[in-house]
Amino acid sequence: MTAPSFRHSTTFSLKDRDLLLLPWLDKKTPCFNCQRLETYNNFTTAPDEEGGSLTLFAGAIDGKRIMARAVRLDDSTVGSKECLKKAVAEAVSLCDREQLKRVQVIVDDSHLEMVRAAHEGAVLGGYRFDRYLSRKKPLPQVVAVTQKGLRGIRKQIEADAVLFESCNFARDILNEPPNRINPVSLARLCETRFRDTPVKLSVWDEKRLKKEKCGGILAVGQGAESKPRLLVGEYRPE
């Protein structure tokens with residue numbers, strides 16, 4: 001799978017080919033500390049439209065190529081977190097078109113829930129299936145910048161990372177051609193995937209399927225080059 005890397009930082013500094021993403025709850029309420037951008041006056045302007053976005057700057061600062069965009073999260077049809085997920089995913093695509101290397105999402109400590117939304121927008125919204133491309137385009141890094149630490153959401157961020165990686169693993173399977181993913185190869189892939197995890201995986205081959213009277217699966221797989229398999233995963237948490 002290919003997806004942007006995501007990390008958290010408490011240090012804000014502009015680097016060459018950065019895209020700065022500045023979220024606003026509405027026209028008057030920024031989700032970031034404006035004092036951090038006090039040397040960039042035009043970086044603290046909100047879009048006029050609800051749920052809208054605005055390019056504040058695109059050019060050079062101290063010899064560094066920079067783009068800054070503001071986005072409003074008050075689209076009432078989807079909610080603020082969904083707005084930010086979409087904005088981050090769009091920022092990743094914009095980096096591809098503009099040949100930028102990094103997205104910095106600036107978030108105030110009073111809006112830490114937006115860090116999780118930015119994480120999801122980056123890893124799920126920026127996913128690509130490019131395994132068979134001879135020329136792979138590099139993906140930008142996405143950094144959520146806060147003033148202090150992540151306080152009570154660090155464990156949630158870690159759990160989210162596992163969930164998002166698993167979602168993209170499933171996407172890879174769906175995107176693979178049938179000569180690479182078939183019942184037998186899928187079973188082997190899952191056996192490797194769940195090895196040394198709390199998930200107990202059982203693979204039923206043709207003999208077990210016949211014993212369990214799974215006639216439908218056997219009938220469908222009868223004319224296939226790859227023989228049918230049934231995977232049973234059991235997870236029993238404490």
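Which residues are buried in helix 2?

1. The model under discussion is predicted. In helix 2, the buried residues are Met-114, Val-115, Ala-117, Ala-118, His-119, Gly-121, Ala-122 and Val-123. Helix 2 spans residues 113–123 and is mostly covered, with 8 of its 11 residues buried.

2. The cover over these buried residues of helix 2 comes from several elements. Among the helices, it includes helix 1 (80–98) and helix 3 (154–175). Strand 1 (6–9), strand 5 (102–106) and strand 6 (141–145) are also included.

3. The crossing of helix 1 past helix 2 is right-handed.

4. On the side of helix 1, the residues in this contact are Ser-80, Lys-81, Leu-84, Lys-85, Val-88 and Ala-89. They meet Glu-113, Met-114, Ala-117, Ala-118, Glu-120, Gly-121 and Ala-122 of helix 2. By class, the contact between helix 1 and helix 2 comprises 7 nonpolar, 2 polar and 4 charged residues.

5. How many disulfides does the structure hold? The count is 0. Cys-34 is partly exposed, at a relative accessible area of 30%. For Cys-95, the closest cysteine sulfur belongs to Cys-83 and is 19 Å away, again too far for a bond. Cys-95 counts as buried, with 1% relative accessibility.

6. Two backbone angles should be noted. In general, most residues other than glycine have a negative phi. Arg-17, however, has a positive phi, near 65°. Arg-17 belongs to the loop between strand 1 and strand 2 (18–24), and its relative accessible area of 27% makes Arg-17 partly exposed.

7. Gln-99 likewise has a positive phi, near 60°, and is a residue other than glycine. Where is Gln-99 found? Its place is the loop between helix 1 and strand 5. Is Gln-99 buried or exposed? Gln-99 counts as exposed, because its relative accessibility is 55% and the cut-off for exposed is over 50%.

Technical notes. Residues numbered from 1 in each chain as written. Predicted model: local features only at pLDDT ≥ 70, side-chain atom pairs only at ≥ 80, totals over all residues. Heavy atoms only, no water. Buried < 20%, exposed > 50% of the residue type's maximum accessible area, 1.4 Å probe, protein only. Helix = DSSP H or I, 4+ residues; strand = E, 2+ residues; numbered from the N terminus. Contact = heavy atoms within 4.5 Å. Disulfide = S-S within 2.5 Å. Left-handed = near helix turned anticlockwise from the far one by under 90°. Nonpolar A, V, L, I, M, F, W, Y, C, P; charged D, E, K, R; others polar.
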